Amino acid sequence: MSNYNLTHLDELESESIFILREVFAQFENPCILFSGGKDSIVVTHLTKKAFYPAKIPFPLVHIDTGHNFPETMIFRDQIVADLDVRLIVGLVQDSIHSGRSTEERGKNASRNVLQTNTLLDTIDLHQFDACVGGARRDEEKARAKERFFSHRDEFGQWDPKNQRPELWNMFNGKHDHGEHFRVFPLSNWTEMDVWQYILAENIQIPSLYFAHQREVIRRNDTWLPVSEHIHLNETETPIHKKIRFRTLGDITITGGDESDADTLEKIVDEVAAARQTERGNRADDKRSETSMEDRKKQGYF
Amino acid sequence: MNAYLDMELLRFTTAGSVDDGKSTLIGRLLFDTKSIFEDQLDQVKRSSNRQGLAQADLSLLTDGLKAEREQGITIDVAYRYFATPKRKFIIADTPGHIQYTRNMITGASTANCALVLIDARHGVAEQTCRHAIIASLLQIPHLIVCINKMDLIDYQEPVFQKIKKDFESFSSKLDITDIRFIPISALNGDNVVNRSEKMSWYEGSTLLYTLENLHIGSDYNHIDCRFPVQTVIRPKMAPYHDFRGYAGRIAGGVFKPGDEITVLPSGFTSTIKSIETFNGPLSEAFAPMSVVIQLTDDVDVSRGDMLVRSNNQPDLNQDIEIMMCWLDTKAPHPKSKYIIKHTTSEAKAIIKNIRYELDVNTLHRNVENLNIGMNDVARVQLRTTKPLLTDAYRKNRTTGSIILIDESTHETVAAGMII
């Protein structure tokens, strides 16, 4: 008998495609939560493969804090044009204007937490019943507990202690009106799998992931990019460094690493040798030991 | 790097409660394969210090939720990932206590392999038997029995041999063919990743070597062709105006262009025109690949239908015998109708008969006072509103499994393995 084995990347891809097709079949109005980061780019790529030769049947939703890397925005608009999909943008600035959200103050102020309100309002406005995201279980300990199909109540809340059992490859997307699901096709992927897959499939990603010269300051043990959204104190002097970003969030909270990895092959080697987790440079996760669990319960990504 | 691209994926499950060393074993596997990052370790050290512990408690790595860390117990299934140059591993880490049977079953449902831990000081215990019985019920093909804490019994071979013999006399009643025994000390790392210098009498492999080399290619059914249709792909745009493909994930067998197939339940026959993917057409496709199949004829096919080889068909019936695990806090009601999900198809079902309740500690069949509640395992007969296309679970884990969903709460209330 011949060898009917799949490689791990083929098996992960097949699992993700199965899940994306279940989303299409089980829900009326799904969307993809698109941040411009590598994980949501891979989810979008997998969706393209799942429905080929038809177009991606879901709109992309971007929750825009206004604190973006300019490169991310250019990339977002390019991918939307290439795929001929609908883009829906929820603006955190609008939530602040309307009084729904209040800007944080202080030195490490960010709009990370404010995204939750804007996200939930956007889901409500467009009546999405499934939001596909790129979160992975290996990223963070609260995410290790996530289901593929993760139920959210009418307030958009996650109840981690009372989740539906998920057996075999059977996904229960039943819900009441006003409730929705978050769906995570990359649950079983690791950071390394994502990078290997980007390399194997030659997927386009923002230039920020590659080593480049940038004006930065040293803060909280990381190289934080200088931008109009960051307030420098007297002791902080901007310098130029060759850095790259392992993850992309808001420009105010995403730190870079010194690196010479300017090709996908070099990035893969760098990730293989890394001794810190990829979210180690994300100020949003460092607020407390349970900051991800706390934010997720409220409705965060 | 090419080696990395050729890796296979192995999913294994562990079950255990607080004191049997399960978290320490997982921590050891992660630590010795360099899968723990410095910032994760720093966090564990800080938490350990706060709790007044002298050294880093590796078990803290495996508990995710605030409530779990506070109470020092595993409640829900957590998934862990690590890789060696040979394989990528997914661990479904589950609690081991009887009150979490449903979580163990959930973790076991996708596993190729189960690790069962035995404390060398105590030998085969009730919980050992329960974990092995669950592995057998869920038809996990490979079972590795780790006899742990060998350091506490001076690494004596006779103790290991006695436990092995005891386990074998019990496991002869189970439906598992591949069982291996490894003497280990998770705490000191003996025979986990590195060979123990203290047990020269043991000639077998280390745990990691065993996990890296288990033959898993035959864990899928490559004989009986089953293709449950998820959705129909019709691009309705140039140049694909006439394209009509059936999307799904192959549940069994090998499909090739030119194969004669039957569409069930309608019974229409046709021929496979092509098997399509984004990367181009395929000359064959097998489980668990996700593909799109085009047929030569324009027959009626939709979600819930199944493409099979004409000379090898599943059972078609409305009375379905299953081993059921009840997952919900609310007990089943004899008159209740539940939504039944089977592959991509859906119907309604009632629990028509409860044949017996299975004691998951002893395999004893209880036929009196049949009150099924959460975590109970029972053999029951379901009656469905329409015929389902089923195989025995032991033949195919995908076409042989079902779940029941409560119509009003939408909770997943039961999992069933078709007999």
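Chain B contains eight helices and 21 strands, taken as DSSP runs (helices H or I, at least four residues; strands E, at least two) numbered from the N terminus. The model is predicted, so local features need pLDDT of at least 70 and side-chain atom pairs pLDDT 80 or more, while totals for chains, interfaces and linings use all residues. Residues are numbered from 1 along each chain as its sequence is written, chains are lettered from A in the order written, and side-chain values use heavy atoms, without hydrogens or water.

Of the 419 residues of chain B, 60% count as buried (under 20% relative accessible area, 1.4 Å probe, protein chains only). The C-alpha trace spans about 70 × 60 × 40 Å along its principal axes.

B:T412 lies in strand β21 (residues 412-418) of chain B. B:T412 counts as buried because its relative accessibility is 2%. Its side chain makes a polar contact with the side chain of A:N172 at 2.8 Å (a pair of N or O atoms within 3.5 Å; within protein, one able to donate a hydrogen and the other to accept it; residues adjacent in sequence count only through side-chain atoms on both sides). Beyond four places in sequence, contacts of B:T412 (heavy atoms within 4.5 Å) include A:R164, A:P165, B:L327 and B:I403.

Methods. Buried < 20%, exposed > 50% of the residue type's maximum accessible area, 1.4 Å probe, protein only.
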